[in-house]
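This report describes a pair of chains, with attention to packing, strand order and the contact between them. The structure is shown first.

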Amino acid sequence: MTVLIRFIIIVITLMFFSFFYLYINDDKYYPGADFTISDMPDFEIKDLYSERLFNIKDLEGNYLINVWASWCITCRVEHSFLAKLDSKDIPIIGLNYKDEAQDAINWITRFGDPYKYIIHDYKGELALDLGVTGAPETFLLIDGKIIVHYRGEVNDMIWDDVFMPIIKKESLFDAN
Amino acid sequence: MLTKFFLFSTVIFSSFIISESLYKFDSVEDEKRFYSLIKEIRCPKCTSGSLASSNAPVSEDIKSKIIELIKEGKSDQEIKQFLSDRFGNQVLYNPGFSKDTYFLWFAPGLFLILILLIFFFRKRT
């Protein structure tokens, strides 16, 4: 009997270690990525530069939504990557999150504008409906449906592992 | 003396100006519901802290949203559903029974049975 108990103890310990070994070494595991498909919530938000109101009908086709703010340091890090995506003609809609309009405009003037247009979500209303917890966050939308929600900085690695497989599968943006 | 008294009373009474409660409710029941809800809902930005313990911007937003929903007459269940639709099941401390959570619910029972079995067999030998 004691042999069996010893055996069980050893097996459980081995299982425990192998579980964490596999868990830590899983390259495809991204805690920030959420692949739950959901509808884009309805909204009515002003453009950053003008009084023009945007709503859900202005968004058509396939595009990215990037949540950013001038107070967000990681957004500054992510910015050069967004410029790279923009140079590949991937449409990105900027969602300026809880930011003063003037600060946001100054930031864009200084660091460049990779966005097709920018909506100014001063109170974070649309962001709350999208389940945004902070900035930066990026969404991939296909025909008005949210396919990917990524919380955190998007860089080459995240782009290739989280976004690219879906973009290739659906052959979006000329799959580049 | 008069100046001292004036300064002293300024310090004492100034706290009353800012002591007004931060959130406004229609009734005492609503207030109670709000404070029990924010203890049951996790702040999505925190590792494991409730909304009640968090001052993160997103928690402040969710708290004002909860007040708005309470005022609209939504039930606790509807409010929880509203938030888990947006932020995922992990915002609820008490996760529902689904295919992702069945192990979570059954594991303690399984371990108990396992331990009892070991105990039972040990006694026999």
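In this predicted model, Val67(A) touches Leu95(A), Tyr97(A), Ala127(A), Val132(A), Ala135(A), Pro136(A) and Glu137(A), leaving aside residues up to four places away in sequence. Val67(A) is also among the residues with the most contacts inside the largest nonpolar core, which has 36 residues; Leu95(A), Tyr97(A), Ala127(A) and Phe139(A) are the others named. A second, separate core of 14 residues includes Phe34(B), Ile67(B), Ile79(B) and Val91(B). In soluble globular proteins, nonpolar side chains tend to be buried together.

Strand S6 (residues 92–97) of chain A is largely enclosed by the rest of the structure, because five of its six residues are buried. The pairings of S6(A) are listed below.

| Strand paired with S6(A) | Sense | Bridges | Opposite residues |
|---|---|---|---|
| S5(A), residues 63–68 | parallel | five | Asn66(A) and Gly94(A) |
| S7(A), residues 117–121 | parallel | five | Asn96(A) and His120(A) |

A right-handed β-α-β unit is formed by S5(A), helix H2 (residues 73–87) of chain A and S6(A). From S6(A), the chain crosses through helix H3 (residues 101–111) of chain A to S7(A), again as a right-handed β-α-β crossover.

Chain B is divided into domain 1 (26–94) and domain 2 (98–125). The centres of these two domains of chain B, taken over C-alpha atoms, are separated by 34 Å.

The contact between the chains takes 10 residues from chain A and 13 residues from chain B. On the side of chain B, two or more residues each come from helix H3 (57–71), helix H4 (76–87) and helix H5 (102–124) of chain B. H3(B) gives the most, with four residues. That side comprises six nonpolar, two polar and five charged residues.

Conventions
Residues are numbered from 1 along each chain as its sequence is written. Chains are lettered from A and ligands numbered from 1 in the order in which they are written. This is a predicted model: local features need pLDDT of at least 70, side-chain atom pairs count only at pLDDT 80 or more; totals for chains, interfaces and linings use all residues. Domain bounds come from an automatic or database domain assignment. Two residues are in contact if their C-beta atoms, placed from the backbone, lie within 7 Å. Ala, Val, Leu, Ile, Met, Phe, Trp, Tyr, Cys and Pro count as nonpolar, Asp, Glu, Lys and Arg as charged, and the others, Gly among them, as polar. A nonpolar core is a set of buried Ala, Val, Leu, Ile, Met, Phe, Trp, Tyr and Cys residues joined through C-beta atoms within 7 Å. A residue is buried if 20 or more other C-beta atoms lie within 10 Å of its own, exposed if 12 or fewer, and partly exposed in between; C-beta atoms are placed from the backbone. Two strands pair if DSSP finds at least two bridges between them. A crossover is right-handed if, with the strands pointing away from the viewer, the path from the first strand over the helix to the second runs clockwise.
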